[in-house]
Amino acid sequence: MPDLTISDLVAMRQLSTVPLAGKAGLGRRLVWAHVCELPDPWNWVGVDELLMTTGMCIPEGVEDQRRLISSLADRGTAGIAIGDDQQAPPLHTEMLAEADRLGYPVLLVGHSTPFAAIGRTVAVAAQSDQITRIARLSKLYEATRSATLGKSTLLDQISRELGIEVHVVDVEVGSEVLSRRTRLPHETISLIRTAVADSLHRLPPRLPVVDGEDLLGTAFPLATHRTCMLIAEGPDDIDVDAFVLLHAQSLVAVEIERDTRDRERSDASEESLFRQIVDGSVGPDAAESLLEQIGLAHTQWVVLCFDIADLGFVRTMIGDEAIPKMTLAVGEEGYLLVGNANFDRVVERLQTRIEAMGVSARTSAIARIGDGLRQSRWALHAARAEGSTVAEYSSASPLFLPRTLSEAHFAARAVLGELIDYDAEAESNLVDTLDAYLTCNRSWSETAERLMIHRQTLGYRLKKIESLTGRSTKSSADIAAFWSALVAHRISRSG
């Protein structure tokens, strides 16, 4: 049968439905009728669908009522049908004028007409479309199966079937999830993250991605452990059957969960190999073969070191970028090994969230990977000491740090030897007190609070430090010596 229109619905006298405004839009196509009493109902009603409400979702203010009409019209809905049961607030003339201006039908439904009657009427008229919808769904399920068999990805297949370019973004991490032949610009991902920054725990059901006045796409939440959204790219509001779109979201969510489980297994396997290479339990030949499987053979490597709390983010971000890597957790640090060719790209991605990273020297020898951990850890100490995001361990630009554990031990003893010995004998903590004092920029109140001691106790300890070392906590030269020795002490202890 021909498409049902709002005008056809009004013509059915048994439904007792009359237009209040927007009569120029009575020819709008009508494919479904949906009851919604939630705020911002345009998020829950699709293109060419009629919103039915007793009036509970209609705001009271003039501007809010005008916004309701304009938002529903922008969404592409067919119209709004309001029950004549006095649940709705007074409808302002400005709201009806906005409906007339936009040609957006506002209908009044008699109180004797149940919404179910309107819904059944529209459903019967729409039955001829169900076969087409089911056929499209079958194609989506087939796309899921075939995406695992060939080079084309699931998102490529779904994009082709829906006729729109779709992407998946982890809005918490800021990365694009699942591979695609094309990728979203980083600026678009940033816009999405900014828009949902305050609602990560409850993502909006539908989010226009807007840059100024330009619509870049539309985002929909996905039911996954990761905080992901499906992005429909394009300058026009998405016009896809909500029934089909819902199943597309479900298919993509299943694929993300499968990919997440596969990644977790890969991370564990790579960490095991990384640890075996470092402790020497796997030989170079065997390691070379295993590295080839990961995509890290026959190249130069670089090791990055960072706080252990950032390891999860690193694995997620670099995994989403599909960059061959190995990661490892040791004590309070996390480590990442990547090919030198990907180094700049890796740093660009990670420094958006990681405050300090240390970088080893480049090497192509498997036997030197263990040295890379030590070098990157020492460079991390330098980054923290200098307040920089990235510090590199490089013989061409030497850091003001010892290069070996014995050098670190000697440098620490040269300045802090008396304190270290006194702490060992008296079971005191003068070294930690000095470290906290300088870390807190010589603030007495902040240092005392961090150490949970009285200011008078802090003063006694500082005098004891000066007495034992023969150095002043007020002299710039002595402070520099203290700080360098403390960094060396940390390195010797971590080593």
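Helix α13 passes helix α14 in a right-handed crossing, a crossing being right-handed if the near helix is turned clockwise from the far one by less than a right angle, and left-handed if anticlockwise. Helices here (H or I, at least four residues) and strands (E, at least two) are DSSP runs, numbered from the N terminus. The model is predicted, so local features need pLDDT of at least 70 and side-chain atom pairs count only at pLDDT 80 or more, while totals for chains, interfaces and linings use all residues. Residues are numbered from 1 along each chain as its sequence is written, and side-chain values use heavy atoms, with hydrogens and water left out.

Helix α13 covers residues 430–439 and helix α14 residues 444–451; the two pack at an angle of about 135°, with their axes 9 Å apart. That angle makes α13 oblique to α14. Axes are lines fitted to C-alpha atoms, for helices over the stretch in contact, and angles run from 0 to 180 degrees between N-to-C directions. Angles under 35 degrees count as roughly parallel, over 145 as roughly antiparallel, 65 to 115 as roughly perpendicular and the rest as oblique. On the α13 side the contact is made by D432, T433, A436, Y437 and T439, and on the α14 side by W444, T447, R450 and L451. Contact means heavy atoms within 4.5 Å. These residues divide into 4 nonpolar, 3 polar and 2 charged, where Ala, Val, Leu, Ile, Met, Phe, Trp, Tyr, Cys and Pro count as nonpolar, Asp, Glu, Lys and Arg as charged, and the others, Gly among them, as polar.

Helix α2 contributes V62, Q65, R66, I69, S70 and A73 to the contact, and α3 contributes E94, M95, E98, A99 and L102. By class, the residues of this contact are 6 nonpolar, 2 polar and 3 charged.

For the protein as a whole, the count is 16 helices and 17 strands. Of its 495 residues, 47% count as buried; buried means under 20% relative accessible area, exposed over 50%, and partly exposed in between (1.4 Å probe, protein chains only). Among contacts between residues at least 6 apart in sequence, 64% join residues at least 24 apart.

The largest nonpolar core has 23 residues. Such a core is a set of buried Ala, Val, Leu, Ile, Met, Phe, Trp, Tyr and Cys residues joined through side-chain atoms within 4.5 Å. F274, I277, L291, W301, M326, Y335 and L337 have the most contacts inside this core. At least two residues each come from α7 (242–279), α8 (284–294), β13 (301–307), β14 (325–330), β15 (333–339) and α11 (369–386). Helix α11 gives the most, with 5 residues. Residues up to four places away in sequence aside, M326 touches E270, L273, F274, I277, L291, I294, L296, Y335, L336 and L337.

Helix α9 (residues 311–320) is mostly covered, with 8 of its 10 residues buried. The buried ones are L311, F313, V314, R315, M317, I318, G319 and D320. Just after α9 comes A322, in the loop between α9 and β14. A322 counts as exposed because its relative accessibility is 63%. Most residues other than glycine have a negative phi. Phi of A322, however, is positive, near 60°.

D40 also has a positive phi, near 50°. D40 is found in the loop between β4 and β5, and is partly exposed, with a relative accessible area of 33%. W44 lies in the loop between β4 (32–35) and β5 (49–53). At 42% relative accessibility, W44 counts as partly exposed. Leaving aside neighbours within four places in sequence, W44 is in contact with H34, C36, L38, P39 and P205. W44 and P205 are 161 residues apart in sequence, yet 7.4 Å apart in space, C-alpha to C-alpha.

The last stop is H489, in helix α16 (residues 476–494). H489 counts as buried because its relative accessibility is 11%. Not counting residues up to four places away in sequence, H489 touches A412, L416, I420 and V431.
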